[in-house]
Structure formats: structure tokens, C-alpha cells
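This report describes the local surroundings of selected residues in one protein model. The sequence and the structure are shown first, and the description follows.

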Amino acid sequence: MTVLVYCDRCGEPAAEGDHSACTAARSLEPPRYCPDCRRRMKVQVVPTGWTATCVEHGVRHS
């Protein structure tokens, strides 16, 4: 199990602030930031899902 260090939508530290809007938005859209290192990810959306790639931590997909 991976512990989120950073919010994968806004890139801010996951333990700080209110991320309820981020959580709601993430149900409809792919992540934008790597939760491990806070780098902006390359995101590709296709009709069947999405793929997000971090240069340091690799690919995540739906």
C-alpha cells in the first residue's frame, strides 16, 4: 500500500490543508502530480481510461 505524500491533483502536501475538492475532482479526472515526488506528470486520456507518467516513478493508469 502506497501512502500519499503529496496530493495527486494540486501537488500540495497531502497532510496539510483541505483536499476535499481535490478528492471530489479526482473521481472524474486523472492525477496531475506524482504523489511520491510532486513532479507534474505527463497525462494521456483515452475513451477507455487514462495513463499518467512520472519521469522518476513510472506509469500509473486507470
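Pro30 is found in the loop between helix 1 and strand 1 (42-46), where helices (H or I, at least four residues) and strands (E, at least two) are DSSP runs numbered from the N terminus. With a relative accessible area of 7%, Pro30 is buried; buried means under 20% relative accessible area, exposed over 50%, and partly exposed in between (1.4 Å probe, protein chains only). Not counting residues up to four places away in sequence, Pro30 touches Val43, Val45 and Trp50, a contact being heavy atoms within 4.5 Å. Pro30 and Ala15 are 15 residues apart in sequence, and their C-alpha atoms are 20 Å apart in space.

The model is predicted: local features need pLDDT of at least 70, side-chain atom pairs count only at pLDDT 80 or more, and totals for chains, interfaces and linings use all residues. Residues are numbered from 1 along each chain as its sequence is written, and side-chain values use heavy atoms, with hydrogens and water left out.

Trp50, one of the contacts of Pro30, also touches residues including Arg26, Pro31, Gln44 and Arg60, again leaving aside residues up to four places away in sequence. Trp50 belongs to the largest nonpolar core, whose five residues are Cys34, Met41, Trp50, Ala52 and Cys54. Such a core is a set of buried Ala, Val, Leu, Ile, Met, Phe, Trp, Tyr and Cys residues joined through side-chain atoms within 4.5 Å.

Strand 2 (residues 49-54) pairs with strand 3 (residues 58-61) in the antiparallel sense over four bridges; two strands pair if DSSP finds at least two bridges between them. The two strands, strand 2 and strand 3, form a hairpin with three residues between them. Within this arrangement, Thr51 stands opposite His61 in strand 3.

The phi of Arg38 is near 75°, a positive value in a residue other than glycine. Most residues other than glycine have a negative phi.

Arg38 is also among the contacts of Pro13, which include Val5, Tyr6, Cys7 and His19, not counting residues up to four places away in sequence. Pro13 is found in the segment before helix 1 (20-26). The place of His19 is likewise in the segment before helix 1.

The accessibility of several residues discussed here is set out below.

| Residue | Relative accessible area | Class |
|---|---|---|
| Cys7 | 8% | buried |
| Cys22 | 10% | buried |
| Pro13 | 21% | partly exposed |
| His19 | 14% | buried |

A search of the whole structure finds zero disulfides, a disulfide being a pair of cysteine sulfur atoms within 2.5 Å. Cys7 is in no disulfide, and the nearest cysteine sulfur, that of Cys10, is 3.6 Å away. The sulfur of Cys22 is 3.7 Å from the closest cysteine sulfur, in Cys7, which is too far for a bond.

Finally, the charged end of Arg40 sits over the ring of Tyr33, 5.1 Å from its centre. A charge sits over a ring if NZ of Lys or CZ of Arg is within 6 Å of the ring centre and within 35 degrees of the ring normal.
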